[in-house]
Amino acid sequence: MNELILDIDDLSVIYKTDLETVKAVNGINLKIGKGKTLGLVGETGAGKTTTALSILKLLPENTGKVTSGNVKFEGTNLLEMNEHEIREIRGGQIAMVFQDPMTSLNPVMTVGDQIAEAIIMHNEGLSKGEIEKRIDEKLTMVGILPSRKTEYPHQFSGGMKQRVVIAMALACEPKLLIADEPTTALDVTIQAQVLMMIKELRNRLGTSMLMITHDLGVVAKICDDVAVMYAGEIVEAGTVHDIFLGEDHHPYTEGLFGSIPNLSSRTKRLNSIPGLMPDPTNLPEGCIFAPRCKYCMDICIRVHPNTVFDETHSLKCHLFDGKLRRDKQEGKSEKQ
Amino acid sequence: MYRYIIKRILFLIPTVLGVVFIIYFVMNITPGDPARAMLGSSAPQADIDKLNHELGYDLPFLQKYFNYIYNMVVKQDFGISYFTRQSVFAEIWPRYIVTINLALMGVVLSSVIGIPLGIYAAVKQYSLWDTVPSIFAFLIAAVPSFVLGMILLFVFSLKLNLLPSYGITSFSNYIMPALTISIPPAAMNLRFTKSSMLESIRQDFVRTARAKGAPEKIVIWKHALKNAMLPIITNIGLNLGMLIAGAVVAEKLFSIPGIGSLIVDRITYKDEPVIIAGTILIAVCFTIVMLMVDVIYAYIDPRIKAKYARMKG
Amino acid sequence: AGNSVSQNDNLSPEERTIRLRVNDSIPSLDWEQSTSLRAVKVWHQMFEGLYGMDEAKGGYYKELAKEVSLSDNQKEYTITLQDGVKFQNGEVMKASDVVFSYERAMKNPRFNYVTSMIEDVVEINDNTVKITLKTPFSAIDHTFFSIKISSEKEVLEQGDKFGTIPHKAGTGPYYVTEYNVATDIKLNAFEDYWRGSPAIKKIEYRVISDDAAAVIAFENHELDYLEDAPLTDWESLVKASGENHSLTKGNDVLFLGVNYLSPTNNNILVNDKVRQAIFYAVNKKDMNSAACNGYGVETPYYMPPEYVATSPKDGFETYEYNPEKAKLLLAEAGYPDGVDVGTILTYGASTGDKAKMAQVLQANLADVGITSAVSVMESAVVLPRLYDQDYDICIYADSNNFDFNNIRQMVHSESVGMYIVKYKDGPFNWKRLEELVDLGVSTSNVDERVGYYRELWSITMDSATLLPCLSKPVPTVWASNLEIGTPVPSFYKIRTFSWK
Amino acid sequence: MRNSGISFKKQSQTKEIWRRFKKSKGAVIGLVMLVIILMILLFADFIAPYTAATKQNLANKLQGPSLAHLFGTDSYGRDVFARIVHGGRTSILIAILSTISSCIIGSALGAIAGYFGGKIDSIIMRSLDIFMSVPDILFTMAVVFALGANFVNLLVALTLAYFTNYVRLVRSQVLNLAELDYVEAARAGGASSARIIASHILPNAMGVIIVNTTLNVSKIILYESTLSFLGLGMPPPAPEWGLMLSEAREFMRTSPHLLFFPAMAIVLTACSVNLIGDGLRDALDPHLKS
Amino acid sequence: MANYVGTSRREKVKNNKSTPLIETIGLRKLFKLNGGARLHAVDGINLKIYPGETVGVVGESGCGKSTLGRTILRLIEPTSGQILYNGSDITKISAGKMREMRKDLQIIFQDPYSSIDPRKSVIDIIAEYMFIHKVYKNKIDTYNRAAELMDLVGLARRYSSSYAHELDGGRRQRIGIARALSLNPKFIVCDEPVSALDVSIQAQILNLLMDLEEELGLTYMFVTHNLSVVKHISTKIMVMYLGKCVEMASSDELFQNPMHPYTKALLKAIPEPDISKRDEEFALIKGEVSSPINVKPGCRFAKRCDFCFDRCIQEDPNLTEVSYEHFVSCFLVEKNKVEK
Ligand SMILES: Nc1ncnc2c1ncn2[C@@H]1O[C@H](COP(=O)(O)OP(=O)(O)OP(=O)(O)O)[C@@H](O)[C@H]1O
Ligand SMILES: Nc1ncnc2c1ncn2[C@@H]1O[C@H](COP(=O)(O)OP(=O)(O)OP(=O)(O)O)[C@@H](O)[C@H]1O
Ligand SMILES: [Mg+2]
Ligand SMILES: [Mg+2]
């Protein structure tokens, strides 16, 4: 792989509430190359948002806690930074777009002001006029008339709000953009517009991106690499080609593809994955997917699988033990 | 927006009509009559009846109601007090001002004390800054306000001789009464602000602000607080209504010539003109305060402004 | 707070203001319009009547009347007025003002009880008036005291406004300069006062409704004179006032009334023995302790005999506290195991003296086996019920008269007000009662009158329907730099005060 | 067919709430305090005989606290401790009963206004606005003057003063809930309005109502004492906290214990109820817990 | 388990063209907003649903899909128009009669969270409708039937005394389905029953719905905005835009031969999980759905339409049958047809 912008190594995150401890993320490795887009896919509760939040140290103060791992951004470990340092990174180097555009904008501030805030935060000494100019620039970039910057979020439609959020995230031209399900809340036609815009901007600005989604269609359109997350673990990762066209798949990935009604070919029944995701407070001892897996073997129930690597493709399944080529340097077994 | 305000102000008309009706109705079912109260126990019944007749007290209740409305609307006349024979308005207005002053001071005090503490408690949740004021708020909120007033009177007037014990001649006269009525709502404000802030801090846009790299100060004051203000402001508005009525206790305790104690006293005399006019003033004030709350709402929250704007009439 | 006090102290006596308390606002500056005791105390500084009242010694004296002569038929009073009396507006007082004032009062139902015996008032000359009564009425002094003389010119000039704005309509030593109904009344000395200008030049009455606040105000030197101070704080007030305090016996008497006509419990109260048992069960000492903090005087009299010359001192049943006898009487009445007599009704504040007495009474009755409830309600509700004999047992107060004739209102069927026990047509000798009332005022011979009243009071007491219990004390404290002469219970005169 | 799989336990939610409630130290302290207070009131007769609360002994009045009289004696020589113990019964009973009655009346009106909306809603809410702009104290005085101060009338007066809260509260709850799909689902199943209100809306609004109710109890206890202070409360000599306070007022300087103990009784009770209410609110609203 | 083939379903439907089970004629629902504005949620929908059919209703958020479904069931009173059930008008029947009618007409909601009363146990929720209609004389029978329904929708009986909040979305949606089935309805409106679910669970539920359709002979109206789902499940599809039907055709026909510009764009906007089309540009529709408040005459889609011409802004296009059972509401198509 070429130069990495983000390197997540063995990251584990728990949520500790008075009742229980949720193991939201369990020793994941993720790498994003400069200028590349990584798609992180998985169902609700897989730990996608948690991963994103821990990169920016935005986990809820009282409950969320990183228990192990490093998050290296251009070589420096973000997790070791203090409040002040990480604040410089947030918005300036790494920006984030949240899932729901309806609630991620402050309803009582004009959109212009909200974008301005992001600019001012990382560009001290900018004159008023320059700031205004930048706001106009950013709004134009995402296809909103600059004259609307004095309006409030409620005067915008969902798609426009999401554009504003994106404009805000891109206000300081960050090196890495984390987009957490940026279009899930939008209609298909609007989703198409926003995806298109993201793609274009990314290409134009050369921003690296972590694209979180549960929609494989979105991944197919936008991402270079894909990581499939299940119950806090990356069960499969690789390039889009590995995932969409490759032969070997983790059974969960397989199930995921099978579950989607296909527009081009009409099937009688969908291949649903039976069962449910395991309780994150009480993960199974062996393979986390074993209870739902149609290929489940004895070993799966007992032993947690290791990651097996191809060049770009990695899998975490006993089916492929030894089948894929083991990578010499990084092939150390992962353990909780 | 203006239409909305005008509409709300117009609602004062049915409010006043309703209030007058309620008072006449209530007065109608309470025993006693003004003449007896005024002339004393030794006056013969014939004289009592005569005076009641002169006062117009003996009319049927609906007739009194319509007469009153007629006089009020057509002649802008609130009548003459049965008890003092003075113009009701002249008698009530200065007292009304006193009570409003008192209530406003109460509102200001209770907000100034309660809200910052509440914010602090929310921001520093689970720290000493949270627990100590919260516990204190719980205790204070459970003390009847007249007990508080008595304690203040005892300490500041009697023991320390710092503050005057009665009257309204100077600003210092207002301090204890205003404290008396404002401490319990201050405690309420604290709790309210705290929960409202906690709610607001959890919102997504607060996280967005953090993700922009905004320092905590801005996150709290600019983003969280402004959004937490709405329920707090409603609470303040309701407080004022409550304080106007609740001022009765302070008025009694500190011998303040306010409208609350006046109404209370005049009920004994069945001084209907005074009671009605006083209640109308309070009701109007209450309505206007609630309207102001709504306007401030709109000022703070553009969504609400838009909603009002949409209401055409 | 304290500052204003010291400022006042630094002033010369001429400039200094005496600050007094009124316990509630005074609704009108017209003496005719507000007759509450607190108001009358204030009028007294502004208005004078033909007679004054001497509370210290009892009885009445001539004030604006210089000479009074009574016709042989005891019905015509010819009154010569004091010379050189001026109203505060500079007008000289004339007989016409007296006629005007009397006629005005006679039209006012509030004054019924003091004017109903007057036939007419006519001006003989500028200096003399003749007041003709319907029947001889020896208790007329109280009327001459109660009716104040105000300037016809001033009253007519102010017209409807009279009473609501400051006026100079009185002959008294002070006139009003400022009138804020809710907060204060300010008076200045009348330099042309006929007895000579008073020593204290400025008066300020402050409305302080709360007792505790008033006490604190006095202790903080915000008040110079405080009468009717709360008895619970008496000790600390005494301490605060140094030598300047007095506890005079007032002529406010707290009574117990029993409605023998009450239908409660099968007309239980119609039973003489039950009523007597109730009376014997009354522990006036406890009542005193509770209602007056022990400073009152337990009394069997309708009026304090030392103030009221016409008051009988003996010769009637007094129902000394005797619970054993009460129990005995109850047993005789057929209720050895106790009985329920209904409700003790009274009015005023639930922490007021009457409510306290009611509670003690309830406990006293319980001690001898009589059960009862207590009900304290607003006077507007209670008084009409009392006059309608719609109660079982009541506690009420009567006050401020220095002639025993006042009893008329309680025992005479043609009286107005206070007729709370209906003697007329009842089992007692009601005809004689009413006759005695009339006899009492038909002569001005004091001994004769005492004789009639002794019989009257004896009949009343025998009926066991009315029982005087306590005579309320009047506690007064005043500032150390104030000289007030002999303290009096109610109608103090600031013109007799001076700064030290 | 066997019926074994079906049992009718409805515990789990209550259990969950209880568990969350227990988490809050304040709430537990409040609950313990309240239980102690209620136990004392319940067993008042064993703790101090009623006669001690009413038995006068003027010779022994205004005594400070001592072994014979734990909280001293009042101006009639009655035992303050006994009066507090017995007085609480009246105070709390009135508070609870008037809360219940205002809750029932207010909730019914609020539910009707919220559920049916339209004209009915407008009429109820506008009348309520007018009603609310008249100070409570006026109604209270009117009732007490007209009918006398006694237990029932006080109940009426307090109910009048407090039911308005519930109308607003329940209405807003109902408005929110009526939007929810499960109400529509019930309608889709053919349920009548009455059934929907009774079996879907009110039970779900219950949480908020209960919280409000606990907080109301403490407000009413305070208001009750204020009424007594203004001379509109329970008539003497029945022991009642507010009345005791108002009686104690004139002895504030000479015998402060007369003020202290009933004030403490009120403060502790109101405080414990508030703590419980607060704890309940957090427990019922998991959203509030981070 | 039923063994069916996609085409057989279609055949069956076509043969059964007698009376529609549900028919709406000019159905309109205008919401009155504060201040007198009117929101055109459903604006003159003519729809025939034949027994055994599954009609899919697609369209963007806020276009009136749910309102249409609810209005058909008279959960919302229509402003005008008629609803025929088996040929008889149910628009005006009394509330009591309508309550009877609800046995036949049911609904499954989008949100399995908000559509289940959190205070009732699973079995009670399922049994509620049967209690309301007193289907069984005693409790035991009712509960037994409820338990059977649980079996039917694949919900383990051990959950019968659980509360909804203890269950995941998929299981909750099964409760919703069991409840809708409890009165043996003929027609069910499925208002986005899978939108809130994860893909893997979504598949489970879709399979279940299709099984039930076959087993119980149900007729569905399937509301969704997910085109792949709708294609999978429906026999006929109606595309809605701002309260109007813009195109209606059998499922295959619509996907093969979309005619309305909006339908076309919609189909293209779906990101398919297929990287072969990775570099294909999205077919974008400019702008966003405009407000349904106080709409003016003219084609609702005109503002966003690339082919918009004068007439589109001036008049409402009618829904015309351009080919067998394929209805389109677009002047463009009309014009083409005329030209043809
Ligand atoms: N604040 C929190 N406290 C406790 N548990 C949490 C918290 N936030 C998330 N979790 C739990 O952590 C796990 C991962 O959550 P996360 O939000 O990262 O999932 P996700 O993949 O982003 O899901 P979605 O697709 O719904 O956004 C879930 O089991 C979730 O319940
Ligand atoms: N009760 C109501 N009062 C006023 N407007 C309403 C009401 N219900 C729905 N609407 C409006 O009617 C329009 C159609 O709403 P509807 O819920 O039917 O849309 P939908 O197509 O189901 O959308 P979604 O995909 O978001 O569920 C929307 O603009 C909505 O805001
Ligand atoms: Mg997420
Ligand atoms: Mg919908």
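Which chains have the most contacts between them among the eight pairs of chains that touch? The most contacts are between chains A and E, where contact means heavy atoms within 4.5 Å. The model is predicted, so that local features need pLDDT of at least 70 and side-chain atom pairs count only at pLDDT 80 or more, while totals for chains, interfaces and linings use all residues. Residues are numbered from 1 along each chain as its sequence is written, chains are lettered from A and ligands numbered from 1 in the order in which they are written, and side-chain values use heavy atoms, with hydrogens and water left out.

The contact between chains E and A takes 49 residues from chain E and 48 residues from chain A. The size of an interface is often given as the accessible area lost when the parts come together. Chain E and chain A bury about 4,100 Å² between them, and 57% of this area is on carbon and sulfur atoms; buried area is the accessible area (1.4 Å probe) that two parts lose on being put together, summed over both. On the side of chain E that touches chain A, the elements that give two or more residues are α1 (6–15), α7 (199–216), α8 (227–233), α9 (251–256) and α10 (261–269) of chain E. Helices (H or I, at least four residues) and strands (E, at least two) are DSSP runs, numbered from the N terminus. The largest share of this side, 10 residues, comes from α7(E).

Across the interface of chain E and chain A, seven residue pairs are in polar contact, both residues being at pLDDT 80 or more. A polar contact is a pair of N or O atoms within 3.5 Å; within protein, one must be able to donate a hydrogen and the other to accept it, and residues adjacent in sequence count only if both atoms are side-chain atoms.

The secondary structure of chain D comes to 12 helices and zero strands. Its C-alpha trace spans about 75 × 50 × 40 Å along the principal axes. Of the 290 residues in chain D, 59% are buried; buried means under 20% relative accessible area, exposed over 50%, and partly exposed in between (1.4 Å probe, protein chains only). Among contacts in chain D between residues at least 6 apart in sequence, 72% join residues at least 24 apart. Chain D exposes about 11,300 Å², of which carbon and sulfur atoms supply 68%; accessible areas come from the Shrake-Rupley method with a 1.4 Å probe, and for residues only the protein chains shown count as cover.

A nonpolar patch on the surface has about 900 Å² of accessible area and is formed by D:Val28, D:Val32, D:Val35, D:Ile36, D:Met39, D:Ile40, D:Leu42, D:Phe43, D:Phe46 and D:Ile47. The elements that give two or more residues to the patch are α2 (25–42) and α3 (44–47) of chain D, and α2(D) gives the most, with seven residues. Patches are made of residues with over 30% relative accessible area and no salt bridge: like charges are joined within 9 Å, nonpolar side chains (Val, Leu, Ile, Met, Phe, Trp, Tyr) within 5 Å. D:Ile36, in helix α2 of chain D, is partly exposed at 47% relative accessibility.

Helix α9 (residues 181–188) of chain D is largely enclosed by the rest of the structure, because seven of its eight residues are buried. The buried residues of α9(D) pack against α8 (151–179) and α10 (193–229) of chain D together with α2 (65–72), β6 (105–108), α4 (122–132) and α6 (169–181) of chain E. D:Gly190, which follows α9(D), has a positive phi near 95 degrees.

In strand β4 (residues 64–73) of chain A lies A:Phe73, buried at 2% relative accessibility. The C-alpha atoms of A:Phe73 and A:Leu4 are separated by 8.3 Å, although these residues are 69 residues apart along the chain.

Technical notes. Salt bridge = Lys/Arg side-chain N within 4 Å of Asp/Glu carboxyl O.
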